[in-house]
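Here is a short report on a protein model. Keep the sequence and the structure open as you read.

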Amino acid sequence: QNQTNHYVGRLLDVNLKDPPKSFKIKRFQTDMIPRLWQSLGVQKHICMEYTNKSTQLEYLNHAYVVGVADPTGSLPTGHIFVTGMGSIQEEKLFVTRSPCIKACDGRVLSNIIARPAEMQFEDWKWMSTLPFGAIIFANPEEGGTPLPQHIAEGDLDGDLYFVCWNKEILSNIKADPIQQTGGGDGKPKSNKGNKGQPCGDNWLRQAQEFMVDCVSTHELSQLLGKLFSESKKAADKAEQGSFLRNKDAEAFADAFYRLLEYDKHGGTIPLPQHLHGRIPEKFRKYFSYRPIQ
């Protein structure tokens, strides 16, 4: 539990001492989340009003919490439990993670506020005493996709999830329903690689590859920024009502997410042909053509 969540937990629990007056809430560092809310039906003035007021403790209705798997195996599939919510008894919570540049990156999830019938009393008592700062995801059904992967391709390797319980925001959001598909192993994906392994006798070759990788990493970082900005531009120029759901905005966003995992998958990234001209020529080697859908 970090210091911010420690103080937020004290705000939420009437039995705990209020945070010190020195505790200050930071404004959203980017407009990513307000833009996501707008794409899901929340009017801009509501987004801006909450953004401005949420720096005041009495109006704070969100936090960044760490995602973890259900250690009891008793939460109903598709549900979450946010630890240490105190007096907040919202049955629905808005959840996303950063980056979130597609409308489907934000979800409204069912939040457990009373002991599920399948859960042991001891487990519920233990979970209810945990401090604020974690979002516990129910395990999927066998072969199902883990819930975090439906939230901007999240995982449980330490990802922070943005959770909001503001009533006005929640009452206006029209998030996409989660479509469960089979074919998974029911386990959250892992971003852990083989970093930190000893070089052995191939240290020189690996050192040379590392230097080449440094150049590639800088180039990929530049390309990520370009894809992000182009997705944002396409959304801003879209016809009224589409915004982040604009086809060009989604295509750039898909390419952005694919590039984030380029070190694992390699290869070329599909992008509709009419969008290649908006990518600097030096970056076009990373892309292949994709039919317009």
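The aromatic pairs in this predicted model come to a count of 14. Two of them are set out below.

| Pair | Centre to centre | Angle between planes | Type |
|---|---|---|---|
| Phe137 and Tyr161 | 5.1 Å | 65° | edge-to-face |
| Tyr262 and Tyr286 | 5.5 Å | 80° | edge-to-face |

Take Phe137 and Tyr161. Their planes meet at 65°, so the pair is edge-to-face. Phe137 sits in strand 5 and Tyr161 in strand 6, so the contact ties together parts that are 24 residues apart in sequence. Phe137 has a relative accessibility of 2%, so this residue counts as buried. Tyr161 is buried too, at 0%.

Now Tyr262 and Tyr286. Tyr262 belongs to helix 8 (residues 262-265). Tyr286 lies in the loop between strand 7 (269-272) and strand 8 (287-290). This pair therefore also ties together parts that are 24 residues apart in sequence. Tyr262 is partly exposed at 22% relative accessibility, whereas Tyr286 is buried at 6%.

Aromatic residues also form a cluster. Its members are Phe28, Trp37, Tyr50, Tyr64, Phe94 and Phe162.

Two of these names return in the strand pairing. Which residue of strand 6 is the bridge partner of Tyr64? The partner is Phe162. Strand 1 (residues 62-69) and strand 6 (residues 160-164) run antiparallel and share five bridges. Strand 1 also pairs with strand 5 (residues 134-137), here in parallel, through four bridges.

Helix 1 provides the largest share, with five. By class, the lining of this pocket holds 14 nonpolar, ten polar and four charged residues.

Last, the cysteines. A disulfide is a covalent bond between the sulfur atoms of two cysteines. How many disulfides does the structure hold? The number is zero. Is Cys100 buried or exposed? Cys100 has a relative accessibility of 3%, so this cysteine counts as buried. Cys104 has a relative accessible area of 26%, and is therefore partly exposed.

Methods
Residues numbered from 1 in each chain as written. Predicted model: local features only at pLDDT ≥ 70, side-chain atom pairs only at ≥ 80, totals over all residues. Heavy atoms only, no water. Disulfide = S-S within 2.5 Å. Buried < 20%, exposed > 50% of the residue type's maximum accessible area, 1.4 Å probe, protein only. Pairing = 2+ DSSP bridges. Helix = DSSP H or I, 4+ residues; strand = E, 2+ residues; numbered from the N terminus. Nonpolar A, V, L, I, M, F, W, Y, C, P; charged D, E, K, R; others polar. Phe/Tyr/Trp six-rings, centres within 6.5 Å; stacked < 30°, edge-to-face > 60°.
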